[in-house]
Amino acid sequence: MIALKDSLETDFVERIRIIFSETGLLSKTKNFEFRPQQQEMAVAVAQALEDERHLVVEAGTGVGKSLAYLVPAILFALEQKKKAIISTQTINLQEQLLYKDIPILKKILPVEFEAALMKGRQNYLCPRRLERALQQSNELFTTSEQGELQQIAEWSRTTRDGSISDLPVEPDAKVWAQVCSEAHLCTAKTCGQQGGCFYHQARKRFFSAEVVVINHTLLFMLLGDPEEQEGRESGFLFPNDFIVFDEAHTLEQVASRQISRTVSQYGLRSTIQRLYNARTRKGLFTVTRDAAGVTLSAELVDEVDRFFHQVEERCDFGKGREFRVRQVDFSPDTITARLHALQARIAEVVKKTEDEFLKAELQELGRRIRDNRIGIAVFLEQGADHHVYWVEQTGKTAKFLSLNAAPVDIAPVLRRMLFRESCSCIMTSATLAVGRADLAYFRQRIGAEDAQPLHLGSPFDFPKQMKVFMCRKCLIRVGRSMKKLWPSGSHILSKRRRGVRLFFSPAIGACSRWPDGCSHFSWRTK
């Protein structure tokens, strides 16, 4: 049996090698150019999947990373009855995968498969919550908000997927929060059996698809605690799945953000105002006719603002938006007792309420109040071991604050979540090496020390395809403005076949592009 398994594994890897060869399936398609680096990456991905190992790949510009992992991932998922999760950081890459690369492979590969984009459930309209919101619109919404609610109701009759991205105009956050799908309100029992729930329709597509595309942030939200992942016999989100992280250079930052504890001033205010908003005199406590809850909620919003104001007075943000907190009881705790009182008030109202749906709404807000109360206490007491604590200004105008606590070292957490035995996690990006071909720095930072490293260069012939010009002091025209380059010899103009790119050093990065002839590009030396 062992010999047979080895034979099957070798056969799969060899098939992938042939597909990417100079005479293989891809080379026979229009506009495809054989690249040995792409073939090497595809073979390494196939081998890692078969061996249930972890792999880290840096592949330079032009390698064709997406096809190099998509082809082995799709074929392996189909043959082994597994699910391929492809996680990206940017929407641009998601769109490239879903609307370019995957449709191409559906035409080329001799197999049939389905791919689905996974969005967070709050992106979907819940018809049941919409119906209740319409029934209680006078108690929940202002006149203008009721008009927007009616527009959402009309849209719900024609939308194909019920996703917020399908709306012609972005809705008011308060209105959407009252009608979108939420974990404890839009469940398989309450909504899934009706057949008209957009989220549960999307969920069925996730489960039936062989390839699921997702973004890093949502993925880590769904992964949950390290303890949950350690308790799984196989897979990460689905039974028997595997993950491919593209744009993996952002993994550490995104994971740290999602695993951290955060209490948002804006989020806490919004939760309380869903119970009762003193400005509009609307909210769930208005629906339940609970005067004590109305009074407590109205007072608490002001008390929350005062608490965060006293926190802000103890911070020196300087020119940035973050302030590191190093001492216990950094600011007096004037709020957790009051949040506990609101939580208790919600529990009392729930006991008196016969409407099961209204009970669920109140209980969900009670959970959020509880989580915020615990988060504030942990922050002030610095009760989480081996964590760093900081205050951050949020929003476009830095009007609100958030309290944050994150592990000092994210590697042990990710090691338990992602790099377990009997699982396969593939990571790739164009920028992972940090000067070392074994990718040791990146692997250590994310807890992937045991993952196999692979460092691939670019197939581009830079000496033949690029000319480099250097100027010591010059002015350049970018749009309508003149910008002066720093007086050093490291500012690079790279002339390529299709145009000219300007790079600034020491932080090298493309800033603009002009067609050949440089008709929109002028510079002069002093």
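Which residue forms a salt bridge with Glu182, and how far apart are the closest N and O atoms? I looked this up in a model that is predicted.

**Entry 1: Glu182 and Arg129**

I found Arg129 as the partner of Glu182, with the closest N and O atoms 3.8 Å apart. The cut-off is 4 Å, so the pair counts as a salt bridge. I then placed both ends. Glu182 sits in the loop between helix H8 (173–177) and helix H9 (198–208), while Arg129 belongs to helix H5 (residues 127–135), so the contact ties together parts that are 53 residues apart in sequence. I noted both Glu182 and Arg129 as buried.

**Entry 2: Glu361 and Arg129**

I came back to Arg129 and found a salt bridge to Glu361, at 3.1 Å from N to O. Glu361 is part of helix H17 (residues 356–381) and Arg129 part of helix H5, so this pair ties together parts that are 232 residues apart in sequence.

Are these two residues buried or exposed? Glu361 has a relative accessible area of 4%, so I logged Glu361 as buried. For Arg129 I read a relative accessible area of 1%, so Arg129 is buried too. The cut-off I applied for buried is under 20%.

**Entry 3: Arg132 and Asp355**

Next I checked Arg132, another residue in helix H5. Arg132 forms a salt bridge with Asp355, and the closest N and O atoms are 2.4 Å apart. Asp355 lies in the loop between helix H16 (336–352) and H17. The two residues are 223 residues apart, and the pair links distant parts of the chain.

Arg132 has 15% relative accessibility, so Arg132 counts as buried. Asp355 has 28%, so Asp355 counts as partly exposed.

**Entry 4: the network**

Which residues do salt bridges with shared partners join into one network? I listed Arg129, Glu182, Arg274, Glu361, Glu364, Arg367 and Arg368.

**Entry 5: Thr295**

Last, I turned to Thr295. I located Thr295 in helix H15 (residues 291–313). Thr295 has a relative accessible area of 43%, so I put Thr295 down as partly exposed. I also took the spacing to Phe285. Thr295 and Phe285 are 10 residues apart in sequence, and their C-alpha atoms are 9.6 Å apart in space.

How values were computed:
Residues are numbered from 1 along each chain as its sequence is written. This is a predicted model: local features need pLDDT of at least 70, side-chain atom pairs count only at pLDDT 80 or more; totals for chains, interfaces and linings use all residues. Side-chain values use heavy atoms; hydrogens and water are left out. Helices (H or I, at least four residues) and strands (E, at least two) are DSSP runs, numbered from the N terminus. Buried means under 20% relative accessible area, exposed over 50%, partly exposed in between (1.4 Å probe, protein chains only). A salt bridge is a side-chain nitrogen of Lys or Arg within 4 Å of a carboxyl oxygen of Asp or Glu.
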